Amino acid sequence: MPPRLNPTARQARLGAELRKLREAAGVSNRETAEFLNTSPTQISHIEAGRSGISPERLRRLTTLYACDEAQLVDVLSEMAADRGKGWWEEYRGVLLPGALDLAELEHHASYINLFEAVHIPGILQTEDHVRAASTFVAPDLPESDREARVSFRMRRQEVLDSGTPLDVIIHEAALRMRVGGPGVARAQLQHILKAAERENISLRVIPFQADGFAGAGFPMQYVGGVVPQLDTVQTDTPHGVVFIDASAQLRYYRSQLERVDSAALPQDASLDLIRRITQEL
């Protein structure tokens, strides 16, 4: 089978984790190839996510690498067996691959921690909010493409029904923006209040009056993996979605989220603030 031209983020992550294990064990690419009776080029393809690997061969590799983390090996084996045919595949060729990768990441999350300063988190947006924001940012987008973006964002919210714990922190600035006008903005805030009634959602607000808060400079979505080694940070840039999984960077983002967390109101006070903002619209 020829190498994949465009591996998904999940396929690339599996390959990257195998490369980390190999390098930590001090085993060369060539030694790995000899062990599996294949070529060094094929090992490079596997570690780049361009080629798959069977769960059986993966387990053999982790033995070569002297990996004694049984849960990690189990999860990597499940990733190797995963054919990635989730609902997001319906949008391949319609939306950018990064958007599909994000949906797949959220689908497999064990928990999600979010911080947004100037936007309502996508996973909590209403249809009208998504449509209005898209119209503002890309007014010339063909209507069919816009509706695809709207329906895709609504499908992403299926993760809320899965029971995945979601910890959301939003700055008051994002709540006061009247995206789509007062009516759409009011319905958006009511939607957030309704979502906060779910047992798996924690929602808090950083008020303008929070002393010492200087902002984080960027939105953050910390997605917990089944094992901590598979945690991922997702952040947005003007050019698309970025995924971060280096250990040092994950520590950095965890520390940033802890600072953000310390500035947020308790949930009850946060919901009261959202109700007041809703009444002011």
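These are my notebook entries on one predicted model.

**Ground rules**

I number residues from 1 along each chain as its sequence is written. Because the model is predicted, local features need pLDDT of at least 70 and side-chain atom pairs count only at pLDDT 80 or more, while totals for chains, interfaces and linings use all residues, and side-chain values use heavy atoms, with hydrogens and water left out.

**Entry 1: the whole chain**

I started with the overall count, and the chain has 13 helices and 6 strands. Both are DSSP runs numbered from the N terminus: helices are H or I with at least four residues, strands are E with at least two. I then looked up the box that the C-alpha atoms fill, and along the principal axes it is roughly 70 × 45 × 30 Å.

Next came burial. Of the 281 residues, 45% count as buried. (Buried means under 20% relative accessible area, exposed over 50%, and partly exposed in between, with a 1.4 Å probe and protein chains only.) The accessible surface comes to about 14,400 Å², and 52% of that belongs to carbon and sulfur atoms. Those areas come from the Shrake-Rupley method with a 1.4 Å probe, and for residues only the protein chains shown count as cover.

I also checked contacts, meaning heavy atoms within 4.5 Å. Among contacts between residues at least 6 apart in sequence, 74% join residues at least 24 apart.

**Entry 2: the nonpolar cores**

My rule for a nonpolar core: buried Ala, Val, Leu, Ile, Met, Phe, Trp, Tyr and Cys residues joined through side-chain atoms within 4.5 Å. Which members of the largest core touch the most other members? Of its 29 residues, they are Leu166, Leu175, Ile192, Leu203 and Ile274. The elements giving two or more residues to this core are β1, α9 (158-161), β2 (166-171), α10 (172-176), α11 (182-195), β3 (201-206) and α13 (267-280). Helix α11 has the largest share, 5 residues.

Leaving aside neighbours within four places in sequence, Ile192 is in contact with Ile120, Leu124, Ile170, Leu175, Leu203 and Ile274. There is also a second, separate core of 21 residues, and its members include Val27, Ile46, Val73 and Ala80.

**Entry 3: the largest pocket**

On a 1 Å grid over the protein atoms alone, a cavity is a set of points where a 1.4 Å probe fits but cannot get out, whereas a pocket is an open set with protein on both sides within 12 Å along at least five of seven lines; lining residues have an atom within 4 Å of a point. Points are joined across faces, edges and corners, and a volume is the space filled by probe spheres set on them.

The largest pocket has a volume of about 1,500 Å³. It is lined by 46 residues, and the closest to its centre are Gln125, Val137, Arg149, Arg153 and Asp236. Which element gives the most to this lining? It is α7, with 7 residues. By class I noted 27 nonpolar, 13 polar and 6 charged residues. (Ala, Val, Leu, Ile, Met, Phe, Trp, Tyr, Cys and Pro count as nonpolar, Asp, Glu, Lys and Arg as charged, and the others, Gly among them, as polar.)

**Entry 4: the cavities**

I found 2 cavities of 30 Å³ or more. The largest holds about 40 Å³ of space, and its lining residues include Ile120, His129, Leu175 and Leu189. Helix α11 gives the most to that lining, with 3 residues. The lining divides into 7 nonpolar, 2 polar and no charged residues.

The second largest cavity holds about 30 Å³, with Leu18, Thr32, Ile43, Ile46, Glu47, Leu61 and Tyr65 around it. Its largest share, 3 residues, comes from helix α3 (residues 40-47).

**Entry 5: two residues**

Is Arg156 buried or exposed? It counts as buried, because its relative accessibility is 8%. Arg156 lies in helix α8 and, not counting residues up to four places away in sequence, touches Trp87, Leu102, Ala103, Glu106, Gly122, Ile123 and Gln221.

Leu64 sits in helix α4 (residues 55-64) and is partly exposed, with a relative accessible area of 28%.
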